[in-house]
Amino acid sequence: MSAIAATFARCEAEGRAAFVPFLVAGDPDLAATERLLTAMARAGADLVELGVPFSDPIADGAVIQAAAARALAGGTTLSRILELVARCRARVGVPIVLFTYFNPLLAHGLERFAEQAAASGVDGVLIVDLPPEEAEEEVLPALRAEGLDTIFLLAPTSTRERVERVARLGSGFVYYVSRTGTTGVREQLPESLAREVAAVRKRVKLPVAVGFGVSSPEQVAEVAACADGVVVGSALVRLAAECADEPDFVALVGERTRQLAAATVRPAKQPRGLFGLRRGRG
């Protein structure tokens, strides 16, 4: 069992969803990212998604696009991110997933990337713009050879064929996009979310984490009631940007992480039908 799979299993045994904060590596700089990673883990993050800044982030909204631009302007590169993970992975103590686009990996060299990512302590990779149909021939073998989990995206618009392919090819967990469009804070989650997640879980044995638009403890609790994991990105990236000049900005982000992570605990009397269903599928 991978470290990511073990983390989701532990969280389920504890009666809660896994909390997954997202950071853009290098925003405001890599030294700060290292401190934020440690603070988030101590504040209750179960695993962390570390965004690789990219010049054409088509899946990201304005907040994360701006963070990526700042990180690139500051000289952040994929190699420097892997060096950062190698320095702090043991101290952070929770799995780290790289959230990236395909071009940076292609430019770096796919097999070289996989080897260096695994050696640095990266646990999984989510390549935002790489559909599973195009990952099977080269990308999956390279990542699997190094023991890296491969996380795929599903969305409300995913076809039955796409869901089944992700179920067959993915590992670690499945990232379910709560709504179509780019990342970013939303005031309300879709009313159909619980039903959509349940439909995915009927076909996918992997844990399902929900992101895109989740920002408040109330929304985290709402997602935790129907999913195995909750991802919060833009809200934390925006907070880090807004208070980057404050002397205690790492502590501020850590405290917000603590508030969000606390909301993943499900009430004791809450029906566990969805989780029972998943166990029943074996």
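A residue is called buried here under 20% relative accessible area, exposed over 50%, and partly exposed in between, with a 1.4 Å probe and protein chains only. This is a predicted model, so to be clear on the cut-offs: local features need pLDDT of at least 70, side-chain atom pairs count only at pLDDT 80 or more, and totals for chains, interfaces and linings use all residues. Residues are numbered from 1 along each chain as its sequence is written, and side-chain values use heavy atoms, with hydrogens and water left out.

Salt bridges, then. The rule is a side-chain nitrogen of Lys or Arg within 4 Å of a carboxyl oxygen of Asp or Glu. By that rule the count is 15.

Take Asp-46 and Arg-10, whose side chains form a salt bridge at 3.7 Å, N to O. The two residues are 36 apart and link distant parts of the chain: Asp-46 sits in the loop between α2 (30-42) and β2 (48-51), Arg-10 in helix α1 (residues 3-13). Helices and strands here are DSSP runs numbered from the N terminus, H or I of at least four residues for helices, E of at least two for strands.

Next, Glu-34 in helix α2. Glu-34 forms a salt bridge with Arg-87, the closest N and O atoms being 3.3 Å apart. Arg-87 is in helix α4 (residues 78-92), 53 residues from Glu-34. Glu-34 is buried at 14%, while Arg-87 is partly exposed at 47%. Glu-34 also forms a salt bridge with Arg-91, with closest N and O atoms 2.7 Å apart. Arg-91 is partly exposed, at 43%.

Elsewhere, salt bridges with shared partners join Glu-133, Glu-136, Arg-162, Arg-165 and Arg-168 into one network.

Now the helix pair. The axes of α12 (residues 234-242) and α13 (residues 249-262) come within 9 Å and cross at roughly 155°. Axes are lines fitted to C-alpha atoms, for helices over the stretch in contact, and angles run from 0 to 180 degrees between N-to-C directions. Angles over 145 degrees count as roughly antiparallel, and α12 and α13 are therefore roughly antiparallel to each other. In the contact, meaning heavy atoms within 4.5 Å, Leu-236, Leu-239 and Ala-240 of α12 meet residues of α13 including Phe-249, Leu-252 and Arg-256.

Notes:
Angles under 35 degrees count as roughly parallel, over 145 as roughly antiparallel, 65 to 115 as roughly perpendicular and the rest as oblique.
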